[in-house]
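Please read them alongside the coordinates.

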Amino acid sequence: MTMKKTISSLIVLGAMLSGAPAASAQTLTKGDILADFGFGVGVIKGPDSKATFTQRLGGEYIFRDDLSLFGRDFKLGLGLAVTNSFCRPGDMLVAGMYNYDYNIIRSGMTIVDGERHLYTNVSTQNRAGTGLAVARQTRSDLTFLPQATIHYEPVEGIDVYATLGVGLGLMNYSSGEKTPVESQGFTGFGGADYSERTDLPGGGFETVTVRYDDMANTTWFNDRKTDAAFAMAIYAGVRYWFTPRFAANLQVGMVSGAIKKSWGSNYDLCTIGASWKF
């Protein structure tokens with residue numbers, strides 16, 4: 001559905017509701033402040049598209065109430081909306097490389113001419129390689145959108161509006177535990193944590209302690225964290241006033257979008273919630 005059709009549908013909905021008595025003789029005037037809160041759904045578009053759940057907070061100031069177009073009265077509001085969307089965790093294949101030194105500790109005791117001698121020797125070895133792992137990742141995005149909204153009230157108690165916003169998006173992947181995966185062409189990941197004791201002739205002994213962990217020393221190439229993105233909103237909505245200060249609202253369209261093709265753009269498509277007027 002195009003944005004033009006969405007706006008037209010909401011205006012028709014407002015006209016249909018005009019046959020029912022309005023809950024209150026409500027109208028927006030210059031200086032009014034609106035606060036919105038709602039929940040919604042959306043989608044992350046990419047090779048592995050996922051549904052998202054959205055939380056939305058918005059505020060708006062009615063800046064003009066004397067606009068006229070085609071013989072109809074319109075109001076202009078300016079505001080800010082913040083949305084947070086997230087999806088269910090999913091698995092992602094990540095590649096990493098390690099190159100680090102670890103210690104081999106040899107400690108023990110020797111007996112020479114009846115005398116005991118304690119010693120400790122530390123040597124260093126290098127481990128280097130590459131590997132693959134499956135990471136459990138959760139995607140969550142934030143958008144901050146300054147917005148302009150045009151309001152039209154076909155009947156008292158009904159507010160039909162269209163919104164345009166441009167701002168900043170923050171995309172975030174949080175990674176959980178990684179599970180190594182064997183793959184041809186990669187050396188893979190290893191680890192060791194042990195101590196071995198060996199008895200020496202004459203009553204002495206030696207203990208060798210080895211500790212290393214490849215994954216703990218790995219730099220991951222595509223283990224995404226946080227990045228900025230262009231954000232925008234273009235949608236239509238309708239608000240029904242139950243009392244002079246309380247209303248229900250519905251938004252349809254690109255309620256918010258964090259757009260970055262390399263990460264998979266996130267589009268919040270529909271929200272429903274409540275509005276308060278101050």
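1. Lys-75 touches a set of residues from several parts of the chain, leaving aside those up to four places away in sequence: Thr-27, Leu-28, Ile-62, Arg-64, Asp-65, Leu-67, Thr-149, Ile-150, His-151 and Glu-153. The model is a predicted one, and the values in these points are to be read with that in mind. Lys-75 belongs to strand E3, which spans residues 72-86.

2. Is Lys-75 buried or exposed? Its relative accessible area is 6%, and since buried means under 20%, Lys-75 counts as buried. Its side chain has a polar contact, at 3.1 Å, with the side chain of Glu-153. Glu-153 is also among the residues that Lys-75 touches.

3. On the overall layout, the chain contains one helix and twelve strands. Of the 278 residues, 38% are buried. Among contacts with a separation of 6 or more, 72% are between residues 24 or more positions apart.

4. Strand E1 (residues 33-45) pairs on two sides of the record of bridges: with strand E2 (residues 50-69) it runs antiparallel, joined by twelve bridges. With strand E12 (residues 265-277) the pairing is likewise antiparallel, over twelve bridges. Val-41 illustrates both pairings: its bridge partner in E2 is Phe-53, and its bridge partner in E12 is Cys-270. Ile-44 has Asn-266 as its bridge partner in E12.

5. E12 also pairs with strand E11 (residues 246-259), antiparallel, through ten bridges. One of the facing positions is Ala-247, which stands opposite Ser-275 in E12. E11 and E12 make a hairpin with five residues between them. Which residue in that turn has a positive phi? Gly-264 does, at about 95°.

6. On the cysteines, how many disulfides does the structure hold? The count is zero. Cys-87 is buried, at a relative accessible area of 7%. Cys-270, the E12 bridge partner of Val-41, is partly exposed at 29%.

7. On aromatic rings, the count comes to eleven pairs. In one of them, the ring centres of Phe-37 and Phe-39 lie 5.0 Å apart with the planes at 80°, and the pair is therefore edge-to-face, as planes over 60 degrees apart count as such. Phe-37 is partly exposed, with a relative accessible area of 36%. Phe-39 is partly exposed too, with a relative accessible area of 36%.

8. A charge is placed over a ring at Phe-205. Arg-197 lies over the face of this ring, at 4.0 Å from the ring centre.

9. Ala-229 is in strand E10, residues 226-241. Its relative accessibility is 9%, and Ala-229 therefore counts as buried. Beyond residues up to four places away in sequence, Ala-229 touches Gly-167, Leu-168, Gly-169, Met-171, Ile-259 and Lys-260. Ala-229 and Gly-257 are separated by 28 residues in sequence, while their C-alpha atoms are 9.4 Å apart in space.

10. Gln-137 lies in strand E5, which covers residues 115-152. Where does Gln-137 fall, buried or exposed? Its relative accessibility is 2%, and Gln-137 therefore counts as buried. Lys-178 is 41 residues away from Gln-137 in sequence and 9.5 Å away in space, C-alpha to C-alpha.

Key. Residues are numbered from 1 along each chain as its sequence is written. This is a predicted model: local features need pLDDT of at least 70, side-chain atom pairs count only at pLDDT 80 or more; totals for chains, interfaces and linings use all residues. Side-chain values use heavy atoms; hydrogens and water are left out. A disulfide is a pair of cysteine sulfur atoms within 2.5 Å. Buried means under 20% relative accessible area, exposed over 50%, partly exposed in between (1.4 Å probe, protein chains only). Rings of Phe, Tyr and Trp (its six-membered ring) pair if their centres lie within 6.5 Å; planes under 30 degrees apart count as stacked, over 60 as edge-to-face and the rest as tilted. A charge sits over a ring if NZ of Lys or CZ of Arg is within 6 Å of the ring centre and within 35 degrees of the ring normal. Helices (H or I, at least four residues) and strands (E, at least two) are DSSP runs, numbered from the N terminus. A polar contact is a pair of N or O atoms within 3.5 Å; within protein, one must be able to donate a hydrogen and the other to accept it, and residues adjacent in sequence count only if both atoms are side-chain atoms. Contact means heavy atoms within 4.5 Å. Two strands pair if DSSP finds at least two bridges between them.
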